[in-house]
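I opened a new notebook page for this chain.

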Amino acid sequence: MATDYYGLLGVERGATDEELKKAYRRLARELHPDVNPDPAAQERFKRVTAAYEVLSDPQKRQVVDLGGDPLAPGGGGGSPFTGGFAGFGDIMDAFFGGGATRGPRSRVQQGSDALLRIECELDEMAFGVARELSVETAVLCGTCEGAGCAVGTLPTTCETCRGRGEVQQVQRSFLGQVMTTRSCPRCVGTGMVIEHPCAECHGDGRVRARRTLTVKIPPGIEDSMRIRLSGEGEVGPGGGPSGDLFVEVHEKPHPVFTREGDDLHCTISLPMTAAALGTSIPLVTLDGEEALDIPAGTQPDEVITLRARGVPHLRGTGRGHLHVHLDIQVPTKLDDEQTELLRTLAALRGEERPGMVARSGGGLLGRLRDAFDK
């Protein structure tokens, strides 16, 4: 049965050469003996390597696509899973980006990103605000300016690896003698040793410090959104480039309004008499106080919408709306005079003994009644 070379690399049959190379690099970083000494991982690494060698060869790949196995006995090659690591130069090229020697890595590394959470009021989220933030991050050491060395000294070549940044070791296994390469433990792969570290940063090239930044909160930002400040994160080891600072904005609960997207909602309690007769009441919005007209005959749970009184759109122009929910209050305690007045009103409206009124379309019984009435 032919070997599934595509399956070994985890790619589709129509994968491009670049996709094959990316897949092999990903697996090699996981399975290479330098990083994974597990015998099972080494065996799988051999299979993945053989699969990459076959599929990166146009002629061998054509044999695979026709249903054959170019490495099977009689197929033009030996078994892919015996002997040493064939084509090791190509393997290292795919794994390390060229050449069988990785060489020392730089002490200068990219800094990490930082995250800061702040809370804002609803009006600040709606109309935007500039906030000053106190941030503590790693910054460039002012004494050595990132070099990590004491003033007047320089790093020296590592005597263990002689500046290569890596050391080699020969091990015996069921495959025979296998040479492995790992980072030098003394210089940690940099090839250089700081004999006299800076007293301020202890050789790291950076120190922690508190500083003040100004962040602009854009109008219409929503809860839990993040603002990115490029280059304001942690300075990297060895004085490397800074990461980014992300400011996560959280909205404080408002005593009156609740927010749904760019729309605002609030609830107003209204006496039964005011709902029946109509009235005008003052309403405080994000733009200030204005009069809210309640039409006569307003019913419970009605909603009055004030257009463009909500939150400005974050992307684009215009604003959301303000939805005012009306809660009609029915009096529960009446004195004798008030009771007599309501009885008189009920008599005038013929409502002393109201019957059950079913709203059209309300529930199963209502729909059945409407069907029989047609």
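My entries follow in the order in which I looked things up.

**Ground rules.** I am working with a predicted model, in which local features need pLDDT of at least 70, side-chain atom pairs count only at pLDDT 80 or more, and totals for chains, interfaces and linings use all residues. I number residues from 1 along each chain as its sequence is written, and side-chain values use heavy atoms, with hydrogens and water left out.

**Overall.** I found nine helices and 15 strands in the chain. Both are DSSP runs numbered from the N terminus: helices are H or I with at least four residues, strands are E with at least two. I noted that 32% of the 374 residues count as buried, meaning under 20% relative accessible area with a 1.4 Å probe, protein chains only. The chain exposes about 23000 Å², and carbon and sulfur atoms supply 51% of that area; the method is Shrake-Rupley with a 1.4 Å probe. I then looked at contacts, defined as heavy atoms within 4.5 Å. Among those between residues at least 6 apart in sequence, 62% join residues at least 24 apart.

**An open sheet.** I looked up a sheet of three strands, in the order β1-β9-β8, with mixed pairing. Its edge strands, β1 (114-120) and β8 (226-229), each pair on one side only. Strands count as paired if DSSP finds at least two bridges between them. Neighbouring strands here are turned by 25° against each other on average, direction ignored; the axes are lines fitted to C-alpha atoms. I recorded four bridges between β8 and β9 (residues 245-251), in the antiparallel sense. Arginine 228 has phenylalanine 246 in β9 as its bridge partner.

Three bridges pair β10 (residues 258-260) with β11 (residues 263-271), antiparallel. Glutamate 260 stands opposite aspartate 263. The hairpin has two residues between the strands, and I noted that glycine 261 takes a positive phi near 70°. β11 also runs parallel to β15 (residues 322-329), joined by eight bridges. There, cysteine 266 stands opposite valine 324.

**Aromatic rings.** How many aromatic pairs does the structure hold? I found one. Tyrosine 24 and tyrosine 52 are stacked, 4.6 Å centre to centre with 15° between the planes. Rings of Phe, Tyr and Trp (its six-membered ring) pair if their centres lie within 6.5 Å; planes under 30 degrees apart count as stacked, over 60 as edge-to-face and the rest as tilted. Tyrosine 24 is in α2 (residues 17-31) and tyrosine 52 in α3 (residues 39-55), 28 residues apart. Both tyrosine 24 and tyrosine 52 are buried.

Technical notes
Axes fitted to C-alpha atoms, helices over the stretch in contact; angles between N-to-C directions. Buried < 20%, exposed > 50% of the residue type's maximum accessible area, 1.4 Å probe, protein only.
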